[in-house]
Amino acid sequence: VEASIPEPLREAWRKHSAAEFTSKDEFEREFVRHIETTLARSLYNCDELAAYSGTALAFRDRLIIEWNRTQQRQTFTDQKRVYYLSLEFLMGRALDNAMLNVGMKDVARDGLADLGFRIEDAISQEHDAALGNGGLGRLAACFLDSMATLNYPAWGYGLRYRYGIFKQEIVNGYQMEIPDYWLDNNPWEFPRHDITVDIQFYGHVRKYQDEDGKVCHSWEAGETVQAVAYDVPIPGYRTKTTNNLRLWSSKASSGEFDFQKFNAGDYESAVADQQTAETISAVLYPNDNLERGKELRLKQQYFWCAASLYDIVRRFKKTNRAWSEFPDQVAIQLNDTHPTLAIVELQRILIDVEGLEWDEAWRIVIGTFGYTNHTVLPEALEKWSVPLMQNLLPRHLQIIYDINLFFLQSVEKRFPNDRDMLSRVSIIEESHPKMVRMAHIAIIGSHKVNGVAELHSDLIKTTIFKDFVEIYGPDRFTNVTNGITPRRWLHQANPALSALIAEKLGGYEFLTDLTLLDKLEAFVDDKKFRQEWAHIKANNKLRLARLIKDVTGYSVNPNSLFDVQVKRIHEYKRQQLNIFGVIHRYLSLKAMTPEERKKVVPRVSIFGGKAAPGYWMAKSIIYLINSVAAVVNKDDEIGDLLKVIFIEDYNVSKAEIICPASDISEHISTAGTEASGTSNMKFVLNGGLIIGTCDGANIEITREIGEQNIFLFGNLAEDVEDLRHRHFYGGFQLDPQLKRVFETIKEGTFGDPSSFNSLISSIEEHGDYYLVSDDFNSYIATHEMVDKEFQNQEEWLAKSITSVARMGFFSMDRVTNEYADSIWNVEPLDIADEA
Ligand code: GPU
């Protein structure tokens, strides 16, 4: 391709190709140029928001140059690429990350100072890109960071929601949802109006015979919507690789805006069609670990899968390879079952459009896909009603039936006369209406299925997917324990700690090889080092105390023990256990003499997290937390001994302030319910200790850091089923301390007790599904140990340092390399190798 362009032309391009700024002076020049021309402002009306935009645009220019080079290079070398399909990418802010990755943050800081701005003020102007709910979306974002850093040729594919996850406001203790319109002035995306795909819906299937008499199918659609690509550059840390996140936006197909209607004066209906098309990418569904089966959600899924596959197939076809080589060139990872339709769509393209035989096509499909499961909760396993699918995607339903037929025939051969097995593993659930089980398609159509922590991967093999292990053997199933990117979650969130570690280890190599942290253990007894460590934690707590003051108005004593639980509000994550524990603590404090109180470690219980708007129980938990806060925080008798804080609108940028500031954080899900958890890793990596159940990745964190460095409590996963059974058949005994907490609530101590009826009755009367009562005693006792151990600050510091030193395993880079080796079979490509 390159050689076809004449040398003089290439020379002219090279000469004028955009220059990258490399010095402070050049940064300032780029900054001022963008302020004055791109933004049409000047010295006189350049506020902090403009300063952010100017800086972002200067860095964006750099990224896009690297982006272009990366894409060219990846195309020329023509090696296998990874495509990460996720309905959620919880990216957070981009500017700080871009500056650190490019390595020019100090240059920008000095340049901005010359021009009258503090870099922190500019950074904090940026609106979070909040295209996700929680851990699943954040994991996707960590993947992108790590894949670019490790030089893997990789693309993310997602939806460009006009509205990301709602903004949470707390009004009179209740959660209110405010739309998050985040797209105005977003410098990080590049609209590609020339990259569009027409996506079909509805209609019917036409059967016909081709010239050779072969029976063929053609989907004659009833509606077409256009997908438009928006690209977001993803810089790696200190590498030339800048990968791409392609987000699809929906709009009316050019043919759809009905000019006839328009010309006839029927403007409203012409515009209405336009708007219907745009609804597809309008809003992110705000549920975490829950699927509700709404048609618009299915439309989103197909729209995004079909557009992405069209793009991937188009790229493959340019190479003129045989179809059989598709899996050698393309690995597609399904982030949960949300993109499962991509399996069906690829099979459809191969047989209906490209004319391959079924078996050959299906071999290609299986070779291409990998599926990651993120939950065993039954309410989160996706099922779509057959009539809904029949109507929206008639051809896909036929193909699903065929996949199922061939699959069940093969099962029948291996397990003759086992009808129960057939009905259990069938893609179709024989209910009314019949349902399509998406996880079954994902397993049958992938060569690897993985869970996200050891316990979780064992659970899927022994419970929900047990039959499939018998059918396929254990090799199709594997575990890859989650991780986090140390760039954002240590270096960016906790620059002082990162610098201290770098000083001790002689450089920042640990940011790309986190196992190097183990060298820190040699300094555990170094007194000065311990002091510096403690000093950094203290400063981070001050920073959080300022945030708390800003958003809640409450002043907290930064010398208190900061006890944090931030994550989506969910009964299985058990924020209710935490707040009941707080009430218990309050009652204990009230019962003490002033002398006894003097010995108490002051505590701040900090909560944060969003509830799905339709999740009544979760909203009641938030209301209880705020109601307890309102009473406790103004109780003069208690003062600093206990403060309760709910930080509204928990998001990625707040997490970056909260994680480095915890003394202890809570990861207290009912054993066997939290697939992995990833905030547990973020807190430990920042020197916080954790209290947790034997669940998800807590178990592996314990194995790595040592059980003397973690506060574990509660029943084990293997006992949960039995306990639940006993609640119903053995009589239910409420824990006496929890009983006292409930009585206090019922007396009206925290306001009208009827607001908390369902919270209490779910435990007292309805079987306590999440075992709050069973774990209460051990939870309270463990918190007493926390208090005691916190008083020995030297020991506490030793635990903190030792834990950080042993966290190397939880780097996202280890995760990415494991996927690359055991699922994708892809190799890195170092752009810098090229002249
Ligand atoms: N997770 Br399913 C979500 O955040 N949302 C979901 O809808 C589903 C799973 C989380 C798991 O709850 C968490 O344990 C895990 O660490 C995370 O995915 C990433 O694997």
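Helices (H or I, at least four residues) and strands (E, at least two) are DSSP runs, numbered from the N terminus. The views below come from a predicted model, in which local features need pLDDT of at least 70, side-chain atom pairs count only at pLDDT 80 or more, and totals for chains, interfaces and linings use all residues. Residues are numbered from 1 along each chain as its sequence is written.

**View A. Arg574 and Asp768, two non-glycine residues with positive phi.** Arg574 sits in the loop that runs between strand 19 (561–566) and helix 23 (575–590), and its phi is near 65°, a positive value in a residue other than glycine. Arg574 counts as buried because it has 27 C-beta neighbours inside 10 Å; a residue is called buried if 20 or more other C-beta atoms lie within 10 Å of its own, exposed if 12 or fewer, and partly exposed in between, with C-beta atoms placed from the backbone. Asp768 belongs to the loop between helix 31 and helix 32 (772–791), and it has a positive phi of about 45° although it is not a glycine. Asp768 is likewise buried, since 21 other C-beta atoms lie within 10 Å.

**View B. The annotated lysine, Lys682.** The unreviewed UniProt entry places the feature "modified residue: N6-(pyridoxal phosphate)lysine" at Lys682; UniProt positions are given in the numbering used here, feature names are shortened, and annotations may be inferred rather than shown by experiment. Lys682 lies in helix 27 (residues 679–685) and is buried, with 29 C-beta neighbours inside 10 Å. When its neighbours within four places in sequence are left aside, Lys682 is in contact with Ile484, Trp489 and Cys659, where contact means that the C-beta atoms of two residues, placed from the backbone, lie within 7 Å.

**View C. Thr678, in the loop between strand 22 and helix 27.** The loop that holds Thr678 lies between strand 22 (664–667) and helix 27, and Thr678 is buried, with 24 other C-beta atoms within 10 Å. Apart from neighbours within four places in sequence, Thr678 is in contact with Gly135, Arg138, Leu139, Asn482 and Ile484. Although Thr678 and Gly135 are 543 residues apart in sequence, their C-alpha atoms are 6.6 Å apart in space.

**View D. The packing of helix 25 against helix 31.** Two packed helices are described by the angle between their axes and the distance between the axes. Helix 25 (residues 616–632) and helix 31 (residues 757–764) pack at an angle of about 115°, and their axes are 9 Å apart; axes are lines fitted to C-alpha atoms, for helices over the stretch in contact, and angles run from 0 to 180 degrees between N-to-C directions. Helix 25 is therefore roughly perpendicular to helix 31, given that angles under 35 degrees count as roughly parallel, over 145 as roughly antiparallel, 65 to 115 as roughly perpendicular and the rest as oblique. Met617, Ser620, Ile621 and Leu624 of helix 25 make the contact with Ser758, Leu759 and Ser762 of helix 31. These contact residues divide into four nonpolar, three polar and no charged, with Ala, Val, Leu, Ile, Met, Phe, Trp, Tyr, Cys and Pro counted as nonpolar, Asp, Glu, Lys and Arg as charged, and the others, Gly among them, as polar.

**View E. The packing of helix 22 against helix 33.** Helix 22 (residues 527–552) packs with helix 33 (residues 793–805) at an angle of about 85°, and their axes are 10 Å apart. That angle makes helix 22 roughly perpendicular to helix 33. Arg530, Trp533 and Ala534 in helix 22 meet Leu797, Ser800 and Ile801 in helix 33, and the contact residues divide into four nonpolar, one polar and one charged.

**View F. The contact of domain 1 with domain 2.** The chain is assigned domain 1 (19–77 + 102–127), domain 2 (78–93 + 128–481 + 821–828) and domain 3 (556–804); such bounds come from an automatic or database domain assignment. The centres of domain 1 and domain 2, taken over C-alpha atoms, are separated by 35 Å. The contact takes 19 residues from domain 1 and 18 residues from domain 2. On the side of domain 1 that touches domain 2, the largest share, 15 residues, comes from helix 3 (residues 48–77), and the residues of this side divide into seven nonpolar, eight polar and four charged.
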